[in-house]
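Trainee: Could you pick one part of this model and take me through it closely? I would like to see how it connects to the rest.

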Amino acid sequence: MAKAILFLGFLLVFLGLALPGTQGKIISRCEMVKILRRNGFEGFEGTTVADWICLVKYESDYNTKAYNNNGPSRDYGIFQINSKYWCNDGRTPGSKNACHISCSKLQDDNIEDDIRCAKKIAREAHGLSPWYGWKNHCRGKDLSSFVRGC
């Protein structure tokens, strides 16, 4: 019995290593609040840090390696930045790559480039309307709970 349990444990570890998931660094809500405040998101293009935290929650659930295949394009990283307009993934025909960045750079644990691109998107849109997670779950709601206690 002990050998079977040991083998099962080994098998699970092996499968975990052989089949890596899409789990990146998960940034805690309060750590994300600090990062956004430090990077000038409060009041940026008429938004609040609570708007951005809600956006990140519903777009990526705070996962730096988040990925979503939309068919003709894909969304990458903690802000779910789209390959049709903002980054280059080498797979999206007619990609504009307005942030001048490889989409894979939006999936690493360093989110400085993600922040620059997200701010560019919000600046050009004069707000957060390009993000469906924000439009569908956050717009027009009391978002104070997203920053409470941070």
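Mentor: Start with residues 99–117. Over this stretch the chain is 32% helix and 0% strand, and its end C-alpha atoms are 6 Å apart. Keep in mind that this is a predicted model. The UniProt record, an unreviewed entry, places the feature "domain: Glycosyl hydrolases family 22 (GH22)" at residues 99–117.

Now go to L106. It sits in the loop between β3 and α4. Is L106 buried or exposed? Its relative accessible area is 0%, so L106 is buried. Which residues does L106 touch, beyond those up to four places away in sequence? They are T64, Y76, G77, I78, I81, C87, I101, D113 and D114. One of these, G77, is 29 residues from L106 along the chain, yet their C-alpha atoms are separated by 4.9 Å.

Step back for the layout. The protein chain has 5 helices and 3 strands. In sequence order the pattern is α-α-α-β-β-β-α-α. The chain has 150 residues, and 41% of them count as buried. Take the contacts between residues at least 6 apart in sequence: 54% of these join residues at least 24 apart.

Next, its cover. Of the 12 residues in α3, 10 are buried, so the helix is mostly covered; the cut-off is under 20% relative accessible area. The buried ones are V49, A50, D51, W52, I53, C54, L55, V56, E59 and S60. An α-helix has 3.6 residues a turn, so residues three or four places apart point the same way. What do the buried residues of α3 pack against? Their partners are α2 (29–38), α4 (112–125) and α5 (132–137).

In soluble globular proteins, nonpolar side chains tend to be buried together. Here the largest nonpolar core has 38 residues. Those with the most contacts inside it are M32, L36, W52, I53, L55, F79 and W131. Helices α2, α3 and α4 each supply at least two residues of this core. The most comes from α3, with 7 residues.

Leaving aside neighbours within four places in sequence, L36 is in contact with F41, V49, W52, I53 and F79. Among these, V49, W52 and I53 are buried residues of α3.

Now look at the two ends of the helix. In the loop between α2 and α3 is E45. E45 is not a glycine, yet its phi is positive, about 50 degrees. With 29% relative accessibility, E45 counts as partly exposed. After α3 comes D61, again with a positive phi, near 55 degrees.

Y62 lies in the loop between α3 and β1 (67–69). Its relative accessibility is 8%, so Y62 counts as buried. Not counting residues up to four places away in sequence, Y62 touches K25, I26, I27, R29, M32, I53, V56, K57, I78 and F146. So where does F79 stand relative to Y62? Y62 and F79 are 17 residues apart in sequence and 8.6 Å apart in space, C-alpha to C-alpha.

Like E45, Q80 is not a glycine. Its phi is positive, about 50 degrees. In cover, though, Q80 counts as buried, at 6% relative accessibility.

Last, the open space. The largest pocket holds about 230 Å³. Its lining has 14 residues, of which D75, N82, P130, W131 and Y132 lie nearest the centre. Both β3 and α5 supply at least two residues of that lining. W131 ties the pocket to the core: it is one of the lining residues nearest the pocket's centre, and it is among the residues with the most contacts inside the largest nonpolar core.

Conventions. Residues numbered from 1 in each chain as written. Predicted model: local features only at pLDDT ≥ 70, side-chain atom pairs only at ≥ 80, totals over all residues. Heavy atoms only, no water. Buried < 20%, exposed > 50% of the residue type's maximum accessible area, 1.4 Å probe, protein only. Helix = DSSP H or I, 4+ residues; strand = E, 2+ residues; numbered from the N terminus. Contact = heavy atoms within 4.5 Å. UniProt positions renumbered as here; feature names shortened; annotations may be inferred. Core = buried A, V, L, I, M, F, W, Y, C linked by side-chain atoms within 4.5 Å. 1 Å grid on protein atoms, 1.4 Å probe; cavity = no way out; pocket = protein on both sides within 12 Å on 5 of 7 lines; lining within 4 Å. Points joined across faces, edges and corners; volume = space filled by probe spheres on them.
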